[in-house]
Amino acid sequence: MWDTRNRGIDVFAANFPSLDGEGYCVASTNGFCLFDNGDKEKIRVAKDFLQYLYTDEELMKYTLGTIPVNNSVMRQYQDEIWMLRAYGENTSHVVNCVQSNRNWQGVRDVFYVQINDLLTGQKTPGEAGEAIDAGCNAALEKGRTDAG
């Protein structure tokens, strides 16, 4: 988006259509998560480490390269960094790779196979596009069904 903007083209973020009419966007936030491996001590140490990262102002500035995971960092820099405010105001519509996952891996698998077929000449752009649309919709439906 920066490159396009720098060429003088008016750019903006737009959400994908959604079943509820509000729209959604897919974003990969810059952050961390913990997985429960059953080892209480490792989980405690990991939580302590994340607490350290999220409370260190210099480390939190690192998140400014993408969508910040900390709202206070976003509020602090939203007037200095182009599109940061727009991204922040749109977070309620974000379906990201971890927190609001609706079968992200299934969607990723569809893209991988279809883009590979396109690049190797096995499918035309139209065929790949149709397969991506159908496959991603099926993967998202599975994610909604599995989420219950």
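The largest pocket holds about 760 Å³ of space. A pocket is an open set of points on a 1 Å grid over the protein atoms alone, with protein on both sides within 12 Å along at least five of seven lines; in a cavity, by contrast, a 1.4 Å probe fits but cannot get out. Grid points are joined across faces, edges and corners, and the volume is the space filled by probe spheres set on the points. The largest pocket is lined by 26 residues, and the closest to its centre are F16, Y24, V26, V95 and L140. Lining residues have an atom within 4 Å of a point.

The structure is a predicted model, in which local features need pLDDT of at least 70 and side-chain atom pairs count only at pLDDT 80 or more, while totals for chains, interfaces and linings use all residues. Residues are numbered from 1 along each chain as its sequence is written, and side-chain values use heavy atoms, with hydrogens and water left out.

Three elements each give at least two residues to the lining of the largest pocket: β2 (94-96), α6 (104-119) and α7 (125-147). Helix α7 supplies the largest share, 7 residues. Sorted by class, the lining comprises 13 nonpolar, 6 polar and 7 charged residues. Here Ala, Val, Leu, Ile, Met, Phe, Trp, Tyr, Cys and Pro count as nonpolar; Asp, Glu, Lys and Arg count as charged; the others, Gly among them, count as polar.

The protein chain has 7 helices and 2 strands. Their order along the sequence is α-β-α-α-α-α-β-α-α. Helices (H or I, at least four residues) and strands (E, at least two) are DSSP runs, numbered from the N terminus. Of the 148 residues in the protein chain, 26% are buried. Buried means under 20% relative accessible area, exposed over 50%, and partly exposed in between, with a 1.4 Å probe and protein chains only.

The structure holds 1 aromatic pair. This pair joins F16 and Y24 and is tilted, with 5.9 Å centre to centre and 35 degrees between the planes. Rings of Phe, Tyr and Trp (its six-membered ring) pair if their centres lie within 6.5 Å; planes under 30 degrees apart count as stacked, over 60 as edge-to-face and the rest as tilted. F16 is partly exposed, because its relative accessibility is 47%.

Salt bridges were examined next. The structure holds 6 of them. A salt bridge is a side-chain nitrogen of Lys or Arg within 4 Å of a carboxyl oxygen of Asp or Glu. R44 and D48 form one, with their closest N and O atoms 2.6 Å apart. Both residues lie in helix α2 (residues 40-55), 4 residues apart, about one turn of the helix. D48 has 42% relative accessibility and so counts as partly exposed. R44, at 41%, is also partly exposed. A network of salt bridges links E41, R44 and D48.

Another salt bridge joins the side chains of D79 and R85, at 2.0 Å from N to O. D79 is exposed, because its relative accessibility is 62%. R85 is partly exposed at 36%. K123 and D117 form a further salt bridge, at 3.8 Å from N to O. K123 is partly exposed, with 24% relative accessibility. D117 has a relative accessible area of 13% and therefore counts as buried.

The disulfide count comes to 0. A disulfide is a pair of cysteine sulfur atoms within 2.5 Å. C25 is buried, with a relative accessible area of 13%. C136 is buried as well, at 10%.

Two residue pairs illustrate contacts across the sequence. V110 is found in helix α6. At 15% relative accessibility, V110 counts as buried. V110 and A131 stand 21 residues apart in sequence, with 8.1 Å between their C-alpha atoms. S18 sits in the loop between α1 (2-6) and β1 (25-27). S18 is partly exposed, with a relative accessibility of 22%. S18 and H93 are 75 residues apart along the chain, and their C-alpha atoms are separated by 9.6 Å.
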